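Reader: I have a model open and a few things to check. Can we go through it piece by piece?

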Amino acid sequence: MPHRKSLQAGPEQIAYAKILEKGMFFGLVSIIITYLIYVLGVVKPFIPLKTVPTLWANNIHDYLQITNIQPGWAWVPLVGYSDFLNFIPIAILAGVTIICFLSIVPILWKQDDKVFAVLALLEVLILSFAASGILGTGGH
C-alpha cells in the first residue's frame, strides 16, 4: 500500500493562513474606513469628487497628465488627501503576502526544510523588488 500524505495543514501553512486572515481583515476594514472618509468629505480630496466623473473617459496617461499626478510611488506624499488615503490599505493588502512568506521562513528552517525556506525568501525578494517600482513596469 503506497504511503499517503497527511491531509492536516502543517505549522507553516497555519502560520501563513493566520497572518493572511488578519492582514486581509485589517485591509478590508481599512478600505471601508478610508472610503467613508473620502465620500463623506471628512478630509479634502486631491481631485474634487464632482470632477472625478469627467476624468473617467481618459486613459491612464491622459488622466495623470491632466491631474498632474506622477505614476508609481509618487502617491505616498499625497496620503493627506482623502482620495489618496485609500492607497494605504491597498498597499497593505498587496504586502500581506510578503509578510506571510517571511513569517514561514523560520518555521521551514526549523523543520529542516531548507529548500522551501530559501524559496520563501526568494519569493519575498521577488515580490518586494516588483513592488518597489524599480522595474518601471505596471499600469503607469
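Reader: How many salt bridges does the structure hold?

Author: One salt bridge, the term being used for a side-chain nitrogen of Lys or Arg within 4 Å of a carboxyl oxygen of Asp or Glu. Before going on: this is a predicted model, where local features need pLDDT of at least 70 and side-chain atom pairs count only at pLDDT 80 or more, while totals for chains, interfaces and linings use all residues. Residues are numbered from 1 along each chain as its sequence is written, and side-chain values use heavy atoms, with hydrogens and water left out.

Reader: Which residue does lysine 114 form a salt bridge with?

Author: Aspartate 112, with the closest N and O atoms 2.8 Å apart. Side chains of opposite charge can pair when their charged atoms come close.

Reader: Is aspartate 112 buried or exposed?

Author: Aspartate 112 counts as exposed because its relative accessibility is 55%. Lysine 114, at 35%, counts as partly exposed. Buried means under 20% relative accessible area, exposed over 50%, and partly exposed in between (1.4 Å probe, protein chains only).

Reader: Switching to threonine 34. Where does it lie?

Author: In helix H1, residues 11-39. Helices are DSSP runs of H or I, at least four residues, numbered from the N terminus. Threonine 34 has 9% relative accessibility, so it counts as buried.

Reader: What is threonine 34 in contact with, leaving aside its neighbours within four places in sequence?

Author: Leu85, Asn86 and Pro89, where contact means heavy atoms within 4.5 Å. Also, a polar atom of the threonine 34 side chain lies 3.2 Å from the backbone oxygen of isoleucine 31.

Reader: At what angle do H1 and H5 pack?

Author: About 165°, with the axes 9 Å apart; H5 is residues 87-110. That makes H1 roughly antiparallel to H5, a label for angles over 145 degrees. Axes are lines fitted to C-alpha atoms, for helices over the stretch in contact, and angles run from 0 to 180 degrees between N-to-C directions.

Reader: Last one, H3. What follows it?

Author: Asparagine 68, whose phi is positive, near 60°. At the start of H3 (residues 60-67), a side-chain oxygen of asparagine 59 comes within 3.1 Å of the backbone nitrogen of histidine 61.

Definitions and conventions. Helices (H or I, at least four residues) and strands (E, at least two) are DSSP runs, numbered from the N terminus. A polar contact is a pair of N or O atoms within 3.5 Å; within protein, one must be able to donate a hydrogen and the other to accept it, and residues adjacent in sequence count only if both atoms are side-chain atoms. Angles under 35 degrees count as roughly parallel, over 145 as roughly antiparallel, 65 to 115 as roughly perpendicular and the rest as oblique.
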